[in-house]
Amino acid sequence: MKIGIADTTFARVDMGGIAIDEIRKHASVGLERYVVPGIKDLPVACKKLIEERGCDLVMALGMPGGAEKDKVCAHEASQGLIICQLMTNRHIIEVFVHEDEAKDGKELAWLMEQRTREHAVNAVRLALRPKDLEKLAGTGQRQGFEDVGPARP
Ligand SMILES: Cc1nc2c(=O)[nH]c(=O)nc-2n(C[C@H](O)[C@H](O)[C@H](O)CO)c1C
């Protein structure tokens, strides 16, 4: 089992390093890292991690900025990642933290780390322990900020 980590230099936190640190706490798997300038470069990095470097699942980590052009960029990158999943029949866990989700730099750093760590656990579950995800179905999980929990009639 090999997990790929694709991340960017545009991000203001070392999301790739954090993902690797978290995955190592939960599983003994091969890891391949591929760093690109920005989120629009992630789809091909993921495809190469899967097709050329033998990854079974990839995490795509990035930070869209707060400007309108950054949001367009994020939508385009997201579409590229979905196409890549369909082309390769492999999961890509997209971990995007929009810069304007946080009120300041301190909260942004916290959120980027927290969301990355929680999705790293999801990546391990998806790759190795899918039954663990089944137990969480419909429980209103969120990555980063607090879980919202299940809705009740
Ligand atoms: C406008 C813009 N916004 C972002 C962003 O919010 N987050 C990010 O990671 N990268 C951004 N980029 C850079 C592109 O994703 C890409 O790296 C360049 O266009 C080079 O291919 C661009 C060009």
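**Notebook: ligand site and sheet**

I began with the ligand and found one of its oxygen atoms 2.8 Å from a polar backbone atom of Gly65. The protein covers 71% of the 490 Å² of accessible area that the ligand has on its own. I note that the model is predicted.

I then looked up other backbone partners of the ligand. A polar backbone atom of Gly38 is 3.0 Å from a ligand oxygen atom. For Lys40, I recorded 2.9 Å between a backbone N or O atom and an oxygen atom of the ligand.

Next I listed the surroundings. The ligand is surrounded by Phe10, Pro37, Gly38, Ile39, Lys40, Asp41, Met63, Pro64, Gly65, Asp70 and Cys73.

In what order do the 4 strands lie? I read the order as E2-E1-E3-E4, in an open sheet with parallel pairing. Strand E2 (30–36) and strand E4 (92–96) are the edge strands, each pairing on one side only. From one strand to the next, I found that the twist averages 15 degrees.

I examined the pairing of E1 with E2 in detail. Strand E1 (residues 2–8) is joined to E2 by 7 bridges, and the two run parallel. Within this pairing, I located Ala6 opposite Tyr34 in E2.

Last, I checked helix H3 against the sheet. Helix H3 (residues 68–88) lies across strand E3 (57–62) and E4. I recorded an angle of about 170 degrees between H3 and E4. I also note that Asp70 and Cys73, whose numbers fall within residues 68–88 of H3, are among the residues surrounding the ligand.

Key
Residues are numbered from 1 along each chain as its sequence is written. This is a predicted model: local features need pLDDT of at least 70, side-chain atom pairs count only at pLDDT 80 or more; totals for chains, interfaces and linings use all residues. Side-chain values use heavy atoms; hydrogens and water are left out. A residue is near a molecule or strand if one of its heavy atoms lies within 4 Å of it. A polar contact is a pair of N or O atoms within 3.5 Å; within protein, one must be able to donate a hydrogen and the other to accept it, and residues adjacent in sequence count only if both atoms are side-chain atoms. Accessible areas come from the Shrake-Rupley method with a 1.4 Å probe; for residues, only the protein chains shown count as cover. Two strands pair if DSSP finds at least two bridges between them. Axes are lines fitted to C-alpha atoms, for helices over the stretch in contact, and angles run from 0 to 180 degrees between N-to-C directions. Contact means heavy atoms within 4.5 Å.
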